[in-house]
Amino acid sequence: MKFPKLYVILDVETLERRGLRLSCVAGELARAGVELVQLRDKQGSPQDVLRRAAEVEREFAGTQCRLVMNDRADLAVLAGWTGVHVGHKDMPPVAVREVLSGAFVGVSTHDGEQVRAADAGEADYVAIGPVFATSTKLDAEPVVGLDGVRKARALTSKPLVAIGGITLENARSVIDAGADSVAVISALFVPGERPGKVAEELIARLSS
Ligand SMILES: Cc1ncc(COP(=O)(O)OP(=O)(O)O)c(N)n1
Ligand SMILES: Cc1nc(C(=O)O)sc1CCOP(=O)(O)O
Ligand SMILES: [Mg+2]
């Protein structure tokens, strides 16, 4: 798989705060050609998450998009998804593989030591962040900056996803610092623009 340069996280709280429907935004992303999407529903009950996963899947039906569940390998299994993203407070990638054989697993890292460990471990991709300040994740670790992306790049040959405070304006600089992909939540919500249009613009700016 060629790793997509744009990784969109559909964060349920962010969408609700903005009065946006998950299915509408997912549909726009599907039509924009987004190829990697994570469902992040930190407050939802298991039933909520599974219902929302089905909505997302319906919108991406017939596309090549890979769907990733945040935190919960068990719910990924029940949803029939193969992608799972875990952080240090979640089950480790090796345990994800135990409950989901053939899983596509991502792991969060926040410093060089964690990148080294992730490189030696079970994950299919390594996420580094937050690159810039973010108000989306309240318990975010300290900002690593573009220098943190460069250092992470030097420490892993796995696909490197950068996350945190990435916008239309700075996304290219993150790829130029060595990331294979940028993961975004709030960047899609630009006043007066549809999220699908912003996703198209991000894909265009990151291609080449
Ligand atoms: C692509 C990507 N990178 C990092 C994260 C953060 O995961 P985690 O540290 O487990 O924090 P939560 O998202 O669970 O609050 C992510 N979700 N996706
Ligand atoms: C979910 C998440 N994880 C991070 C990490 O550093 O691991 S930063 C982050 C929030 C990303 O949201 P936005 O694109 O709106 O800044
Ligand atoms: Mg997590």
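Eight strands close into a barrel, in the order β1-β2-β3-β4-β5-β6-β7-β8, and their pairing is parallel. From one strand to the next, the twist averages 25 degrees. The model is a predicted one: local features need pLDDT of at least 70, side-chain atom pairs count only at pLDDT 80 or more, and totals for chains, interfaces and linings use all residues. Residues are numbered from 1 along each chain as its sequence is written, while chains are lettered from A and ligands numbered from 1 in the order in which they are written. Helices (H or I, at least four residues) and strands (E, at least two) are DSSP runs numbered from the N terminus. Two strands pair if DSSP finds at least two bridges between them. Strands of a sheet pair through backbone hydrogen bonds, either parallel or antiparallel.

The pairing was followed around β1. Strand β1 (residues 6–11) pairs with strand β8 (residues 181–184) in the parallel sense, over three bridges. Here V8 stands opposite V184 of β8. Strand β1 is also joined to β2 by four bridges, and these two strands run parallel. The bridge partner of V8 in β2 is V37. Four bridges then join β2 to β3, again with the strands running parallel. In this pair, Q38 stands opposite V68 in β3.

Burial was examined next. A residue is buried if 20 or more other C-beta atoms lie within 10 Å of its own, exposed if 12 or fewer, and partly exposed in between, with C-beta atoms placed from the backbone. Strand β2 (residues 36–40) is largely enclosed by the rest of the structure, because five of its five residues are buried. Both of its faces are covered. L36, Q38 and R40 are buried on one side, and V37 and L39 are buried on the other.

Helix packing was described for one pair. Two packed helices are described by the angle between their axes and the distance between the axes. Axes are lines fitted to C-alpha atoms, for helices over the stretch in contact, and angles run from 0 to 180 degrees between N-to-C directions. Helix α2 (residues 22–32) packs against helix α3 (residues 46–60) at an angle of about 30 degrees, with the axes 8 Å apart. The two helices, α2 and α3, are therefore roughly parallel to each other (angles under 35 degrees count as roughly parallel, over 145 as roughly antiparallel, 65 to 115 as roughly perpendicular and the rest as oblique). L22, S23, A26, G27 and A30 of α2 meet R52, E55, V56, E59 and F60 of α3. Contact requires C-beta atoms, placed from the backbone, within 7 Å.

W81 lies in the loop between α4 and β4 (83–86). W81 is buried, with 21 other C-beta atoms within 10 Å. Not counting residues up to four places away in sequence, W81 touches A53, L67, M69 and A76. The C-alpha atoms of W81 and I9 are separated by 15 Å, and the two residues are 72 residues apart along the chain.

D71 is found in the loop between β3 (66–70) and α4 (73–79). Phi of D71 is near 70 degrees, a positive value in a residue other than glycine. D71 counts as buried, with 20 C-beta neighbours inside 10 Å. P130 lies in the loop between β6 (125–128) and α7 (145–155). A cis peptide bond joins G129 and P130, with omega about -5 degrees.

Notes. Contact = placed C-beta atoms within 7 Å.
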